[in-house]
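The sequence and structure come first.

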Amino acid sequence: MSYDPPRPAGRLLLTPEDKEAPARIHRLRGLGLGDHPEPALDAFAYGLAELTGAPYAMVNFLGEEGQFFAGLHTPAVAPAVRGDGSGALLGRVLPRDHGFCPHVVSRRKALVLEDVSDYPRFAGNPVVDEFGIRSYLGAPLVDSTGMVLGTVSVTDIRPRAWGRPGLAAIKAQAADLAARLERGETDGLPL
């Protein structure tokens with residue numbers, strides 16, 4: 001019999017367990033990745049944003065306790081997502097229970113959320129309230145050993161019909177980037 005501790009009212013805390021985190025961290029360190037911003041990955045994220053028309057794009061590496069966006073594209077000004085007209089810009093670090101990338105890593109496959117409010121499991125995620133995220137499209141970065149290094153993803157503050165073309169595009173970009181990272185090719189990363 002298992003015991004589930006009480007959850008705060010109104011929020012489903014369902015971030016998946018990540019047993020591969022120690023091995024992933026070791027692999028990322030061997031590739032020289034995972035704990036510092038990479039201008040080439042920022043450029044790659046910019047290309048993802050351009051490709052999809054999304055305001056946020058990330059190349060995300062997950063550790064045991066948190067997430068680090070080694071590649072990040074955000075809008076120049078935080079979109080207004082609150083009733084008072086204010087918003088917040090995503091930074092390079094998030095706790096592990098924020099966002100949807102931990103689910104992509106755990107599932108080892110892409111995740112499409114056209115409107116997170118349609119999915120009770122995801123609607124209570126802190127990024128929905130803190131950053132106004134309403135849609136997500138992400139795919140795992142899987143290396144030749146089968147290890148998931150992280151994710152590439154885009155998000156928007158409005159619902160988006162990503163559809164099959166969006167899914168195909170994010171998966172192709174993830175596969176291409178994973179191969180380049182493994183070969184140590186960081187020059188010319190933009191799309």
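In this predicted model, 13 residues line the largest pocket, and Ile 25, Arg 29, Gly 34, Asp 35 and Gly 63 are the ones nearest its centre. The space in this pocket comes to about 180 Å³. At least two lining residues come from each of helix H1, strand S1 (56–62) and strand S2 (66–73). The largest contribution to the lining is that of H1, with 3 residues. Sorted by class, the lining of the largest pocket holds 6 nonpolar, 3 polar and 4 charged residues.

**Salt bridges**

Side chains of opposite charge can pair when their charged atoms come close. The model has 9 salt bridges, and the table gives some of them.

| Pair | Closest N and O atoms |
|---|---|
| Asp 18 and Arg 24 | 2.8 Å |
| Glu 20 and Arg 108 | 3.4 Å |
| Arg 27 and Glu 182 | 2.8 Å |

In the pair Asp 18 and Arg 24, both residues are buried.

Glu 20 forms a salt bridge with Arg 108. Glu 20 counts as partly exposed because its relative accessibility is 35%. Arg 108, at 37% relative accessibility, is likewise partly exposed.

Arg 27 forms a salt bridge with Glu 182. This pair links distant parts of the chain, with Arg 27 in helix H1 and Glu 182 in helix H6, 155 residues apart. Arg 27 has 24% relative accessibility and therefore counts as partly exposed. Glu 182 has 25% relative accessibility, so Glu 182 is also partly exposed. What joins Arg 27 and Glu 182 to Asp 143? The three residues are linked in a network of salt bridges.

**Gly 166**

Helix H6 spans residues 163–183 and includes Gly 166. Is Gly 166 buried or exposed? Its relative accessibility is 12%, so Gly 166 counts as buried; the cut-off for buried is under 20%. Leu 137 lies 29 residues from Gly 166 along the chain, and the C-alpha atoms of the two residues are separated by 7.6 Å.

Key. Residues are numbered from 1 along each chain as its sequence is written. This is a predicted model: local features need pLDDT of at least 70, side-chain atom pairs count only at pLDDT 80 or more; totals for chains, interfaces and linings use all residues. Side-chain values use heavy atoms; hydrogens and water are left out. Helices (H or I, at least four residues) and strands (E, at least two) are DSSP runs, numbered from the N terminus. Buried means under 20% relative accessible area, exposed over 50%, partly exposed in between (1.4 Å probe, protein chains only). A salt bridge is a side-chain nitrogen of Lys or Arg within 4 Å of a carboxyl oxygen of Asp or Glu. On a 1 Å grid over the protein atoms alone, a cavity is a set of points where a 1.4 Å probe fits but cannot get out, and a pocket is an open set with protein on both sides within 12 Å along at least five of seven lines; lining residues have an atom within 4 Å of a point. Grid points are joined across faces, edges and corners, and a volume is the space filled by probe spheres set on the points. Ala, Val, Leu, Ile, Met, Phe, Trp, Tyr, Cys and Pro count as nonpolar, Asp, Glu, Lys and Arg as charged, and the others, Gly among them, as polar.
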